[in-house]
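Subject: Handing over a structure

Dear colleague,

I am passing this structure on to you, and below it I have written down what was found in it. Please keep the sequence and the structure open while you read.

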Amino acid sequence: MREVPLASRVVEVIADHGPSASPRFRYGSGCVVVGRVVLTAAHVVADAGRVQVRGPDKTLYSARMDGEFVGEPHGPGPDLALVEIDHAAGFDLPAMDLAVVDRDSVDAEPVQRCHAVGYPWFAERPSPGAVRDTVDAYGHVPVLSRLASGLLSMQVTSAPRELPQGQESLGKSQWSGMSGAPVVADSALLGVVIEHAAREGPSTITLTPLTALEHDPNRPQWGPGVANPAAWWDRLGAGGGPAGFRRLPPRRVQAGVVHGDVVIHETGRPTAPGRTPAMAPALSSHFVHRFALQRRIADALRSRTRQLSLCGAGGFGKTTLASWAGRQAEVRELFPGGVLWVELGQNPSAERTVGALTGLVTVLTGSPPNTYADVASAAHAFRAALPERPTLLVVDDVWNAVDLRPFLDLGEQTTLLVTSRRSGLLNGAGTEIHVDGMNDHEATELLIADGETGTLGPLLRRSRRWPLALVMLSGILRGLADRHAMTTDEAVAALVDELDDQGITTLDELSDTDLVRNISRTLELSLTDLPAATRQRLVALAAFPEGEVVPYWLLERLWGLSALRVRTEADRFVSRSLALATHTDGLQLHDVTREALRHREPTRMAEVSAGLLDRMRPAGGWHRLPGAEALFASGLAFHLRQAGRVDELAGLLRDMRFLVARLGSGGPAALESDVEEHLGARGDDGYARALRESVRRAGHLLTAYRGGTEVGPTLEIRLFGQRGVWEELRYVEEARSGHGLIPLLAMPDHDNQALLRSFPVHGDGSCLAIDWHPDGDRLATVGHGPQLQVVSADGRHVSYSVTTDNARIEGVRWSPDGTRTAITSDTGTYPFHLPGGRATCTLAVHDPESGTEIAATVVRRGPDRAHLALSWAPDSHCLAVLHDRIPMLWAPGAGTPLTPLLAEGDESAGLCDALAWHPEHGLLVHAVGRDSPRGWEGILLRWADPFSGEPPPRSGGMATSGAGRRSWRGGPVPALSR
């Protein structure tokens, strides 16, 4: 299904009531919802003899009206009507998304970023031959307004003309003609404007919601609906009725930290099973199509490329293009597993990455957020949660390849789309698309809808068609036109003169440093006509970490304003393109804008953080942050450092109460991020370094969900007796919950200081076997879920995995050249038993780079069914393996069978239990011997050249305790499985 811009759907509706009527013509607005069907207000077309529709191209079309689909202008039924444009080229539009306002939400969050687009009186003089222009009124819909009548009110925060004073209806003002105008939020239609109804106040517009078509038995006072709602829904392209509508605003929970906020559709409850994730942010009201780039992105996704990168300088529209792609109906059809979205930013902390992964797991599983020990465990949970259907994952604002690792190698069903300022991020894999400046047509449309390239030429040249600068300049132009009644030419001339005065001749050479410097100049112009207090509120947003969505409740504290005034200020910033409102519950700054504001007022950042800390500080200490305010803990260390309160941060890290609270809410990654923030200011703090290492070593134990165990006692046990840590901890007794073990001596299982880090590799059970890659940078691990993985030495990157339903993988060995892995499993390729009742297993060799199986063979275990013994030849050409306890050679891929090394009837045949191949001295095999007073006596057999056919020399008389592993191997770093 193709995407249709809202501008192509909004039409003017003209009703002719005949020459005897006064006035003869009634003017309104409408929206082409599907095909040629136009939704408008009933009082515009009721009793009309003829109806015409003027399209966006200003062509006048005749339209048909059926009385069955005209509501009641004066009640009690809904003031809605449907007319159909007569057959005309260009009007056969796909169905529009429809939405219902959630009047039953727990938190009563409003529907944000609403647009009422229509043709009011002041846009043109009333006459059937005249042409009116569109007007876009911007604001939000409070969900609990007008509950008695069932109507909706839109609180307008940005409009080109003032609305009528008091409760005067729009129909008696210069806004006459807005009746029937569609009200759209998040690309979905909520309802239409009705201009004759009384309004709640001077800044509101009254709407009839689509749901008014159907009687609600739970709210009979909302009206009877229409007589045949099913027929209306069919004509609107929504045969299922409101049950299939999108609910706005979507209900939210906080998954992880504030910048890991995700939609799961029900507050505090799991997502309905089978609901397809659609996490791409809403498009800005200033969105302009960039058809050439959009075509390349769509073609890449259609081709099912596994990796796609959009790269270019900051502010060039990479995120917007990724959002556009993720919201296309065709893309959602290509990826039935859903569209997932995370934002990383520059130098993301472990807490931020874990929070992003946690949010994805929550969306995919519908379960409440878990606590994960580190990035590796969160990434493992994410991979396990991915659906077995094609899924698109967008990772936005990636700066370094290492930050992308947890989101790589997600299997054949997952496509990765990355946005970054850096080219080459995918190391040549997949497709890379460079996002540069706009062309003249795109830049002109972004600057001002009705502008001409010739008129706007000076601005296009100065901006170098940089979208971020263009959208700011567009806000200045709109302000000059709306508030000072300037024409486009006058506004452009005034803006060019001001740019000349500022010395801005061009915004080129857009390196990261130049981006900040040049956007700073444009920002100055955008801020000039804002009140000083409003400017300071915008600057205060830059005091938060990069990429953070600052929730509205926190802005109420920061700005000292009511909830309504906070949202009004937020809408002002969004309408001027100074801030982003991609999340319904808060504001966000583009990273380039944030850096420019920080550069503009560097000392202000510390002041903002200090003031925020003073307003947020609980009386009993930071560990007592109540309710939703506990989310502030994720930025607490950042603000303490920025405010210059490093001593206070150092004290918090020594406060057991705070450590327990932080671990309980954010997990080990959150606490580790706080320590890193502190060490960034005070790197010589030995206690902080020791605490960080202790948390890393015991991270897998310090998760609040492990078997319901509280994290406090576990933390105390793990830190007790730790030199450099325990003696500096304070408030240990106060942090205890009143039950649990209290350590008196250091636990005997404390990890040795040689342990670098612990991390999970098999979430569904224990790790059964491991083997280092010859280069020492990777581990092959065997266990449950998945059964085989190749992970980086720090556990953060999985490069290869194998899962099979009909076998249990037991062992793995890297070839000495590191190009192949030998894998043993109890069954799968071959039957479990061969004739004679001997247990069998499968020996397979894989190419871990491509994931393909090179060769496989069947091997008999022996009567005790012990794990299969095998060893690679030093040249990686073949394997030595014990087949029915007889040493044999096998060359994978050569097509030759197993070749025995012992002659038939040899006294050691059937008695061998271990083998190892030495790089210089040949193949060593151990065989059990006879029983003696000293115990079992073993025999060693050594082939200097196993391919020579010569019998091996034997060494006997060694007392052994039975079968066991004998190996010649070494290495600087051991890996332990436990």
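Asp 655 is buried, with a relative accessible area of 6%, where buried stands for under 20% relative accessible area, exposed for over 50% and partly exposed for what lies in between (1.4 Å probe, protein chains only). Its place is in the loop between α20 and α21 (656–681), the helices (H or I, at least four residues) and strands (E, at least two) being DSSP runs numbered from the N terminus. Leaving aside residues up to four places away in sequence, Asp 655 touches Arg 730 and Tyr 731, and a contact here means heavy atoms within 4.5 Å.

Before going further, please note that this is a predicted model, in which local features need pLDDT of at least 70 and side-chain atom pairs count only at pLDDT 80 or more, while totals for chains, interfaces and linings use all residues. Residues are numbered from 1 along each chain as its sequence is written, and side-chain values use heavy atoms, with hydrogens and water left out.

The pLDDT, which is the predictor's confidence in each residue from 0 to 100, has a mean of 81 over the protein chain, and 83% of the residues reach 70 or more. Confidence is highest in helix α20 (residues 646–652), at a mean of 96, and lowest in strand β16 (residues 262–263), at 34. Over residues 961–978 the pLDDT stays under 50, and the model has 30 contacts beyond four places in sequence for them.

Strand β11 (residues 182–185) sends Pro 182 and Val 184 one way and Val 183 and Ala 185 the other way, and all of these are buried. β11 pairs with strand β8 (residues 111–118) in the antiparallel sense over 3 bridges, and two strands count as paired if DSSP finds at least two bridges between them. In this pairing Cys 114 stands opposite Ala 185. β11 also runs antiparallel to strand β12 (residues 188–193), to which 4 bridges join it, and the two strands form a hairpin with 2 residues between them, where Asp 186 in the turn has a positive phi of about 55 degrees.

Finally, which residues of helix α15 meet helix α16? They are Tyr 552, Leu 555, Glu 556 and Trp 559, and their partners in α16 include Ala 563, Val 566 and Phe 573.
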